[in-house]
Amino acid sequence: MRIISYTGVTKPSFLLVHPEFPSLAWKLQLTSISPQIPRTREKLVGLITRCQHSDAGRTKATRYADSSVSSTKSSRLGQRQQGPSSLYSRPSLLDMRNDKVANRARVYDFLQGIGIVPDELDGLELPVTVEVMRERVDFLHSLGLTVEDINNYPLVLGCSVKKNMIPVLDYLGKLGVRKSTFTDFLRRYPQVLHASVVVDLAPVVQYLQGMDIKPDDIPRVLERYPELMGFKLEGTMSTSVAYLVGIGVARREIGGVLTRYPEILGMRVGRVIKPFVDYLENLGIPRLGVARLIEKRPHILGFGLEERVKPNIESLLEFHVRKESLASVVAQYPEIIGIDLKPKLVSQQSSLKSVIDLGPEDFGRVVEKMPQVVSLSDKPMMKHVDFLKNCGFSLEQMRKMVTGCPQLLALNLDIMKLSFDFFQKEMQRPLDDLVAFPAFFTYGLESTIKPRHKMVTRKGLKCSLGWLLNCSDEKFEQRMDYDTIEMDEMESSPSFDMNTLTEPRSDESGSDYDSDDEYE
């Protein structure tokens with residue numbers, strides 16, 4: 001085979017060459033090859049044919065491409081000259097940034113126009129449009145929150161109505177939290193609107209159920225202490241419960257304690273609970289006694305130790321309550337260490353001084369025996385004093401009776417009248433017997449006074465009111481077997497027994513916490 005000539009089309013990136021053969025030579029060559037490889041011949045013929053036509057096609061395509069490139073450049077130049085109004089144009093990053101700033105400025109203007117200060121919102125993701133922000137503000141208003149409430153926690157404006165607020169409120173509603181309490185709930189803990197129901201809220205509810213808080217009580221617990229929804233389970237909540245169990249609070253009582261005073265779950269053991277318990281122990285109340293007080297009145301843990309408890313103890317000492325009686329006073333009336341005490345002490349001392357000429361020392365004895373006297377109103381006290389006067393007691397006798405049994409100032413007057421009538425008509429004893437044992441009025445007429453008086457009369461015994469009444473039923477039955485009355489059994493007026501706080505209970509579980517060293 002002999003190549004006669006070549007024709008080529010030069011492109012910028014490659015060289016296209018195709019051979020041109022004499023027709024006779026080509027035919028002879030095909031004849032010698034065709035019997036051997038027909039398929040190869042067909043492919044080769046097709047290739048040659050395409051190569052022959054490629055020159056003209058390439059030339060035309062090149063011209064078309066050149067014109068297309070020129071047209072594209074002209075088109076882009078036109079787009080730049082026309083600006084962003086073109087259908088396919090995209091804003092630059094600078095344009096997007098400027099639009100975002102402008103939108104945020106409009107949202108800030110709207111908030112300032114309705115009285116909301118947006119200073120703390122910088123850096124917070126906010127709605128792009130004023131309309132969406134208006135929707136959030138209107139929704140918060142519908143929940144009862146005012147502009148002042150929003151200003152107290154402006155970050156609430158970062159919560160989406162559909163994604164955040166509605167799911168959280170729906171969950172609280174399903175738990176049983178009353179809609180009428182939503183406003184106060186959100187004022188106290190607006191951060192709940194940021195919370196995830198599954199990740200943040202549901203685990204807290206499950207923890208409360210695990211603490212034996214009844215399902216019906218959980219919504220009341222949350223209403224009383226909304227901040228609970230933001231606590232971590234492994235933090236303050238678990239340590240405070242563990243410490244209470246460690247000092248002797250019965251496990252079965254924990255649910256009731258937390259239901260009545262859930263604020264305990266937010267108290268730090270080392271800073272609040274332990275110092276309070278230690279202080280009461282130092283006053284003379286046994287640790288187990290403190291645990292019993294917490295079981296009955298868990299809210300005492302909320303009395304500020306430095307702000308209220310210690311100053312009140314000092315006031316009691318100032319008003320002649322003896323130091324050795326402080327433990328008894330607190331055990332009888334724990335609220336006395338949490339109220340604004342000194343003004344009450346001043347007022348009650350003045351009142352009793354004016355009506356029965358009670359001196360400062362005697363007033364201290366009155367508080368020791370009935371600490372609740374500091375909270376009595378003047379009118380009821382005056383009625384009881386008038387009753388004693390009408391019974392025929394002198395001023396000196398009344399002073400002695402009130403000092404010996406301050407409960408006379410607070411008992412039910414109708415019951416006192418019935419008891420006094422029985423004392424006069426059936427028992428026929430002198431008034432001096434009541435002066436010596438004024439606690440007579442504190443015993444049940446039908447349950448105690450009448451049956452015991454009947455038994456003593458039948459046996460022909462002569463005894464004091466104290467011997468007759470100030471003992472248990474079992475002890476009194478033993479006394480009925482006596483022929484004479486022993487002088488050492490002439491018991492005085494009843495007084496508070498601290499041991500009643502620490503009596504063991506058969507149903508209580510043992511504590512796994514023998515020491516509180518870990519809370520130091």
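This is a predicted model: local features need pLDDT of at least 70, side-chain atom pairs count only at pLDDT 80 or more; totals for chains, interfaces and linings use all residues.

Q: Fine. Which residues touch the most other members of the largest nonpolar core?
A: The largest nonpolar core has 140 residues, and of these Leu157, Leu193, Leu316 and Phe440 touch the most other members. Helix H12, which spans residues 269-283, gives the most to this core, with seven residues.

Q: What is leucine 193 in contact with, leaving aside its neighbours within four places in sequence?
A: With those neighbours left aside, leucine 193 is in contact with Leu140, Val156, Cys159, Asn164, Met165, Val168, Leu169 and Leu186.

Q: On to charges, then: how many salt bridges are there?
A: The count comes to 21 salt bridges. One of them joins lysine 274 to aspartate 278, with the closest N and O atoms 2.9 Å apart.

Q: Where do lysine 274 and aspartate 278 lie?
A: Both are in helix H12, four residues apart, which is about one turn of the helix. An α-helix has 3.6 residues a turn, so residues three or four places apart point the same way.

Q: What about glutamate 295 and arginine 292?
A: Their side chains meet in a salt bridge of 3.3 Å, N to O, and both residues lie in helix H13 (residues 287-296), three residues apart. Glutamate 295 is buried at 5% relative accessibility, and arginine 292 is buried as well, with a relative accessible area of 4%.

Q: Which pair links distant parts of the chain?
A: That would be arginine 322 and glutamate 368, whose side chains meet in a salt bridge of 2.5 Å, N to O. The pair links distant parts of the chain, 46 residues apart, with arginine 322 in the loop between helix H14 (305-318) and H15, and glutamate 368 in helix H17 (residues 360-369). Arginine 322 is partly exposed at 38%, whereas glutamate 368 counts as buried at 7%.

Q: Which residues do salt bridges that share partners join into one network?
A: Lys274, Asp278, Glu281 and Arg287 are joined into one network in that way.

Q: How many disulfides are there?
A: The count comes to zero disulfides.

Q: Switching to helix H16, which of its residues are buried?
A: In H16, Leu341, Leu345, Gln348, Gln349, Ser351, Leu352, Val355 and Ile356 are buried. They lie on the same side of H16, because they cover an arc of only 165° around the axis.

Q: What do the buried residues of H16 pack against?
A: They pack against H14, H17, helix H18 (378-391) and helix H19 (395-404).

Q: How does the span of H16 look?
A: H16 (residues 341-356) has 16 residues and reaches 22 Å from its first C-alpha to its last, close to the 22 Å expected at 1.5 Å a residue. Just after H16, aspartate 357 takes a positive phi of about 55°.

Q: Last one: where is serine 328 found?
A: Serine 328 is found in helix H15, residues 326-332, and counts as buried at 18% relative accessibility. Leaving aside neighbours within four places in sequence, serine 328 is in contact with Phe496 and Met498.

Technical notes
Residues are numbered from 1 along each chain as its sequence is written. Side-chain values use heavy atoms; hydrogens and water are left out. Helices (H or I, at least four residues) and strands (E, at least two) are DSSP runs, numbered from the N terminus. Buried means under 20% relative accessible area, exposed over 50%, partly exposed in between (1.4 Å probe, protein chains only). Contact means heavy atoms within 4.5 Å. A nonpolar core is a set of buried Ala, Val, Leu, Ile, Met, Phe, Trp, Tyr and Cys residues joined through side-chain atoms within 4.5 Å. A salt bridge is a side-chain nitrogen of Lys or Arg within 4 Å of a carboxyl oxygen of Asp or Glu. A disulfide is a pair of cysteine sulfur atoms within 2.5 Å. The expected span of a helix is 1.5 Å times one less than its number of residues. The arc is that of the directions from the helix axis to the C-beta atoms.
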